[in-house]
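Subject: Handover of a structure and its findings

Dear colleague,

Please find the structure below. I would be grateful if you could read the notes after it with the coordinates open.

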Amino acid sequence: MTAGLKQCFARIVLGLSVSLPLAQGAEAMQALNAIGKGEGTLNVVAWEGYAQDDWVKPFEAATGCAVHAKYAGSSDEMVALMRSGGGDQYDVVSASGDATLRLIYGHNVQPINIALIPQWKNFIPQLQAPDFNTVKGVHYGVSYEWGPNTLLYNTKTFPSAPTSWSVIYDPKYAGQVTVPDNPIQIADAALYLSKTQPALGITDPYELNQTQMNAVVALLQGQAKLIKKYWALASDEIQLFTSGDAVVGAAWPYQTNTLQAAKVPVADTIPAEGATGWADTWMISAKAPHPNCAYAWINWVTTPKVQAEQAIYFGETPANTLACKEMDAEQPGACAQYHGDASAAYFNQIKFWKTPRTQCGNGKDDCLDYAAWQRAWQTIKG
Amino acid sequence: MTKRTWRGSLFAFGWRHEGAANAALLGLPAIWFLTLYLAAIGALLITAFWQVDDMSGDLIPGFSFSNFAELLSDPIYRTIAIRTIFIASVVTLTDAVLAWPFAYAMVRLSGPRLRAVLMALVLVPLWSSYLARVYAWRLILAHDGVLNWTLSAAGLPDLHIGYSNWAMWIVFSYLWLPFMILPVAAALERIPPSLLEASADLGERGMATFRRVILPMALPGMVAGAIFTFSLTLGDFVTPMLVGGVGSDFIGNVVYANVGVTNNIPFAAAYATLPLGVMAVFLLLARKLGAFDAL
């Protein structure tokens, strides 16, 4: 009884103060053997635009799983949500490559029985078992869609597309620039510096030592004076461009599509320095209360039809190679427009988000980890 | 019949044992206060000394000052703390000045009907959502908003104060003004008219009466209002997020980012102890000035 009381008290204290990801140790959890009957509900953590009625409603009708979606504005927020309340609040998450490893090592997600995902064999080879969602041969997620972070600009200010990311560091546009309020934005500046200041020796924008980080922070502190607002949600940036408060900034294709649909004079481009990007993975919470609905959802969104709908809605590229035909059927030319037929060269040209760690890829251990990135970001935005 | 006897004897017990009756009345709120409020603050103070594993996000209990060391070593957290306290103070002063004419007119110059209307004007904004009001200001202050539209119609140059500390100052002052008007009005109401007449009889002019009679007697009301305006601003993070720009983060934003976004709860807890200390000092000062008698 006293032990029970003590435990109870400890849980109250912890529950009040923290959203504790109850450590489950490293023992490997068993993946599901077969998909059973749906539980009637599915709680989803997703990027804005990832749980649209176009494919959610038919899913609900087909499986009886009612979808409750919670949108997150950053990878950090997704990780925090999946860890909140002991980790049993949400079933699935559309995690990007800079969140997946944190969720895997944090024991927040469960192994996936890939045999239960029939569409998986149609994925492009790079996304069948990428190192950001498959560890030691165990799948912890199923790849979804991918794309580049783009340069969004007002076509009245820029009659022709800017060819360099330098415009978002250019004092000429002081007070009219917007970039995401997100530490991973440091990688965008690092990528730019890797091309414009080769002497720094930046080879991977996610692997920065202190000297390189200092140069990046200096660039971004200069940029802070030009920023109208750091956007937290995609809808913030949409409002900034709609009202004319911002004329140039870093964005996702989703904002471009939404703004263009609203007849705001904007366009986007990938400048010469290249781009960072995301490759998203659907993962299932280690304590998912509705695992059968979770598998049903992953199977639903990896079908060529939903892959195509998602790709066109958000402006990104599907993992499923069979989606190309569906994209063209829905909107002629869409497959080529959104790189549905992308070559490996195009894929490799994008520097996909990943979690910065102290271990640099070159065998050295002097890189800055994500906590250092967060501190640097707070210093930058003041 | 039995039920009645039972109730009757309970009342009788309460009548004879006043202490027991009070304890029964206060018991539930007291338990609520102790467990939910004090336990939460206790947990906050304890976690401030913990650490977090960066990759897995697991909490590492223990006792270490490293969170506090990090807060002190990086000048950005000092800047943010000073910014938060400064804006909270400026908002409090602004509201104190703005509340005066309104409260005075409401209490001293209006008839009962006008007074009811003025009171309603103060209270009605509180019935609408905080978020709706902040978003409304965001639209007013935006580049192509009502403010610049009015300015250009009047032939004046545009003001670029959307998404800035100026915008935060305006929005906070607007949001918390009712919390200053109400205690100031209550304090003014309590000044007996005979004192004002006595002051006039002794030959004091309006301004001197205000300075030497009305202002000192209304001061506790102002300080009571200041507790609200100051603490509400100090703890806010939504307004900085929505109408703030670059360099507009508050202590609350850092706490929010560390809890909700980066999952570094110990660090957030360490930073959150600062506003607790600031409010403790503020409340001690307020008590000295008699604010609690005016509430």
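Predicted model: local features only at pLDDT ≥ 70, side-chain atom pairs only at ≥ 80, totals over all residues.

Residues are numbered from 1 along each chain as its sequence is written, while chains are lettered from A and ligands numbered from 1 in the order in which they are written.

Domains (bounds from an automatic or database domain assignment). Chain A is assigned domain 1 (36-146 + 278-349) and domain 2 (148-276 + 356-381). Their C-alpha centres are 25 Å apart. Ten residues of domain 1 of chain A are in contact with ten residues of domain 2 of chain A, where contact requires C-beta atoms, placed from the backbone, within 7 Å. By class, the domain 1 side has one nonpolar, six polar and three charged residues (Ala, Val, Leu, Ile, Met, Phe, Trp, Tyr, Cys and Pro count as nonpolar, Asp, Glu, Lys and Arg as charged, and the others, Gly among them, as polar). Chain B is divided into domain 1 (4-47) and domain 2 (66-294), with C-alpha centres 35 Å apart.

Strand 7 of chain A. In this strand (residues 150-154), four of the five residues are buried, that is, 20 or more other C-beta atoms, placed from the backbone, lie within 10 Å of their own. Helices (H or I, at least four residues) and strands (E, at least two) are DSSP runs, numbered from the N terminus. Strand 7 of chain A runs antiparallel to strand 9 (residues 248-251) of chain A, with four bridges, and also pairs in the antiparallel sense with strand 10 (residues 266-269) of chain A over four bridges; pairing requires at least two DSSP bridges. L151(A) stands opposite A250(A) in strand 9 and opposite T269(A) in strand 10.

Helix pair in chain B. Helix 5 (residues 112-127) and helix 8 (residues 165-189) of chain B pack at about 140 degrees with axes 9 Å apart (lines fitted to C-alpha atoms over the stretch in contact; angles run from 0 to 180 degrees between N-to-C directions). The contact has seven nonpolar, no polar and no charged residues.

Chain interface. In total, 31 residues of chain B are in contact with 37 residues of chain A. Helix 2 of chain B supplies the largest share of the chain B side, five residues. That side has 14 nonpolar, twelve polar and five charged residues.

Yours sincerely

Conventions
Buried ≥ 20, exposed ≤ 12 C-beta atoms within 10 Å, placed from the backbone. Contact = placed C-beta atoms within 7 Å.
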